[in-house]
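Trainee: Can we go through this one together? I have questions.
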Amino acid sequence: MFLLLISTLGIFALRDTGAQSVTQPDVHVTVSEGAPLELRCNYSSSGTPYLFWYMQHPNQGLQFLLKYFSGDTLVKGIKGFEAEFKNHETTFHLRKSQALGSDVAKYFCAVRDTVSGTAGGDEHKPPW
């Protein structure tokens with residue numbers, strides 16, 4: 001058994017579309033391989049939020065994991081990740097039932113307020 005060190009970015013938002021922000025209170029999360037993993041994300045939004053999770057392995061680009069726009073509050077993503085939208089708590093925590101060595105990466109939570117027009121495709125584009 002060995003420990004995995006997971007890093008998160010503190011604040012991240014898609015585009016500058018208004019008063020929205022996310023806070024990831026855990027800068028580093030250490031878990032044992034095979035143990036449950038949870039990465040916390042608290043958000044604020046002046047409208048209905050679109051929420052996203054990304055991961056980034058060293059020397060690689062961002063990889064899209066999952067998104068929440070509306071509907072079912074439990075979102076299933078790739079690689080066994082899921083997140084639950086809790087509007088009353090303003091949280092969108094990322095979870096995985098068993099952490100793997102390949103999960104060692106930086107993780108980014110992102111928010112975008114609902115605006116008129118479409119948001120299509122934004123989940124796959126880096127915000128900078």
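Trainee: How many aromatic pairs does a search of the whole structure find?
Mentor: Eight. Rings of Phe, Tyr and Trp (its six-membered ring) pair if their centres lie within 6.5 Å; planes under 30 degrees apart count as stacked, over 60 as edge-to-face and the rest as tilted. Before we go on, this is a predicted model: local features need pLDDT of at least 70, side-chain atom pairs count only at pLDDT 80 or more, and totals for chains, interfaces and linings use all residues. Residues are numbered from 1 along each chain as its sequence is written, and side-chain values use heavy atoms, with hydrogens and water left out.

Trainee: OK. What about the rings of Tyr50 and Phe69, why is that pair tilted?
Mentor: Their planes are at 45°, so the pair counts as tilted, and the ring centres are 4.1 Å apart. Tyr50 is in strand 6 (residues 49–56), and Phe69 is in the loop between strand 7 (63–68) and strand 8 (74–76). They are 19 residues apart. Strands (E, at least two residues) and helices (H or I, at least four) are DSSP runs, numbered from the N terminus.

Trainee: Is Tyr50 buried or exposed?
Mentor: Buried, at 15% relative accessibility. Phe69 is partly exposed, at 26%. Buried means under 20% relative accessible area, exposed over 50%, partly exposed in between (1.4 Å probe, protein chains only).

Trainee: Which residues form one aromatic cluster?
Mentor: Tyr50, Phe52, Tyr54, Phe64 and Phe69.

Trainee: New topic. What lies over the face of Phe81?
Mentor: Lys96, at 4.8 Å from the ring centre. The rule: NZ of Lys or CZ of Arg is within 6 Å of the ring centre and within 35 degrees of the ring normal. Phe81 itself is buried, at 1% relative accessibility.

Trainee: Now sulfur. How many disulfides does the count come to?
Mentor: One. Cys41 and Cys109 form it, with sulfur atoms 2.0 Å apart. A disulfide is a pair of cysteine sulfur atoms within 2.5 Å.

Trainee: Where do Cys41 and Cys109 sit?
Mentor: Cys41 is in the loop between strand 4 (37–39) and strand 5 (42–45). Cys109 is in strand 11 (residues 106–113). The pair links distant parts of the chain, 68 residues apart. Cys41 is buried, at 0% relative accessibility. Cys109 is buried too, at 0%.

Trainee: And why is the disulfide left-handed?
Mentor: Because the torsion about the S-S bond of Cys41 and Cys109 is about -70°.

Trainee: What about charges? How many salt bridges does the count come to?
Mentor: Five. A salt bridge is a side-chain nitrogen of Lys or Arg within 4 Å of a carboxyl oxygen of Asp or Glu. One of them joins Arg40 and Asp26 (2.8 Å, N to O). Arg40 is partly exposed, at 33%. Asp26 is partly exposed, at 21%.

Trainee: Which residues do salt bridges join into one network?
Mentor: Start with Arg95. Its side chain meets Glu82 at 3.8 Å, N to O. Arg95 also meets Glu84, at 3.5 Å. Shared partners join Lys76, Glu82, Glu84 and Arg95 into one network.

Trainee: Last one. How many helices and strands does the protein chain have?
Mentor: Zero helices and 11 strands. Buried residues make up 40% of the 128 residues in the protein chain.
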